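Dear colleague,

Please find the structure handed over below, together with a short account of what was found in it. I would be grateful if you could read the notes alongside the coordinates.

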Amino acid sequence: MTSPRRRDAVANREALLEAAARVLRTAPDASIDAIAAEAGLSRRAIYGHFPSRDALVSELLARGTERVSAAVADLADPDPARLVARLGFALWREVAHVRLVARSLVTGPWEADVAAGMAPVRRSLREALARGRDAGVFRRDVDVDVTARLIEETAIAVLDVAVDGALGDDEAARLVAVSALGLAGLGAEQAAAVAEDARAADRGEIA
């Protein structure tokens, strides 16, 4: 049986990680003091759970990559264009974690660890792009790996704008999907239509 003291420690750790996610989402360089204040804990209490700020961020990133990978793990769609859009929507649903993870993909000491954790997501995107290219749906003049990288960078930019408050959640999610499809080679109207189909598929309205 778990002791009350142990339960309190677990609850404090979870509260700390949730507070860190909130703070780092808008201020990636926030200090340990800022995170402690958001969590309602002392600096000393934080160091009781994590030996350093880097250890705290590392744990948060590990959870973020797990959530993102889980969000796309079971996604399947016979239409490669719709699948790309659905991948974008699935990632957006984890936006609180994605932004921190996304920034760490390209900078910081956790780049290699985060990239490894995000490998299933990147693989799903590349497979969908390759399938669409082979079916004549997506462009053939740009390598799949290059297109996938451009989609990642564009998604990060959309996330940044959305977190700054310039876009609502629904519009940001749509923009992630439409931008990905545009980079893959679809025209604006076609990309918008596919994005709407992807929303319908996520709601179970399309098999």
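Buried, as used here, means under 20% relative accessible area. Please also note that the model is predicted.

By that cut-off, the buried residues of helix H4 are Leu56, Val57, Leu60, Leu61, Gly64, Thr65, Val68, Ser69 and Val72. An α-helix has 3.6 residues a turn, so residues three or four places apart point the same way. Helix H4 itself covers residues 53-73, 21 residues in total. From its first C-alpha to its last, H4 reaches 30 Å, close to the 30 Å expected at 1.5 Å a residue.

Helix H5 (residues 80-92) and helix H11 (residues 188-202) have axes that come within 8 Å and cross at roughly 70°. The two helices are therefore roughly perpendicular to each other, and H5 passes H11 in a right-handed crossing. On the H5 side, the contact involves Ala81, Arg82, Ala85, Arg86 and Phe89. On the H11 side, these meet Val194, Ala195, Asp197, Ala198, Arg199, Ala201 and Asp202. Of the residues in this contact, seven are nonpolar, none is polar and five are charged.

Which residues does Arg86 contact, leaving aside its neighbours within four places in sequence? They are Leu75, Ala76, Asp77, Ala198, Ala201 and Asp202. Arg86 lies in H5 and counts as buried because its relative accessibility is 12%, under the 20% limit. Leu91 is also found in H5, but with a relative accessible area of 24% Leu91 is partly exposed. Leu91 and Ala155 are 64 residues apart in sequence, while their C-alpha atoms are 9.4 Å apart in space.

Helix H11 also packs with helix H10 (residues 169-184), their axes coming within 9 Å and crossing at roughly 125°. That angle makes H10 oblique to H11, and the crossing is right-handed. H10 contributes Asp170, Ala173, Arg174, Ala177, Val178, Leu181 and Gly182 to the contact, and H11 contributes Ala191, Ala192, Val194, Ala195 and Arg199. The residues of the contact of H10 with H11 divide into eight nonpolar, one polar and three charged.

Yours sincerely

Terms used: Residues numbered from 1 in each chain as written. Predicted model: local features only at pLDDT ≥ 70, side-chain atom pairs only at ≥ 80, totals over all residues. Heavy atoms only, no water. Axes fitted to C-alpha atoms, helices over the stretch in contact; angles between N-to-C directions. Helix = DSSP H or I, 4+ residues; strand = E, 2+ residues; numbered from the N terminus. Parallel < 35°, antiparallel > 145°, perpendicular 65-115°, else oblique. Left-handed = near helix turned anticlockwise from the far one by under 90°. Contact = heavy atoms within 4.5 Å. Nonpolar A, V, L, I, M, F, W, Y, C, P; charged D, E, K, R; others polar. Expected span 1.5 Å × (residues − 1). Buried < 20%, exposed > 50% of the residue type's maximum accessible area, 1.4 Å probe, protein only.
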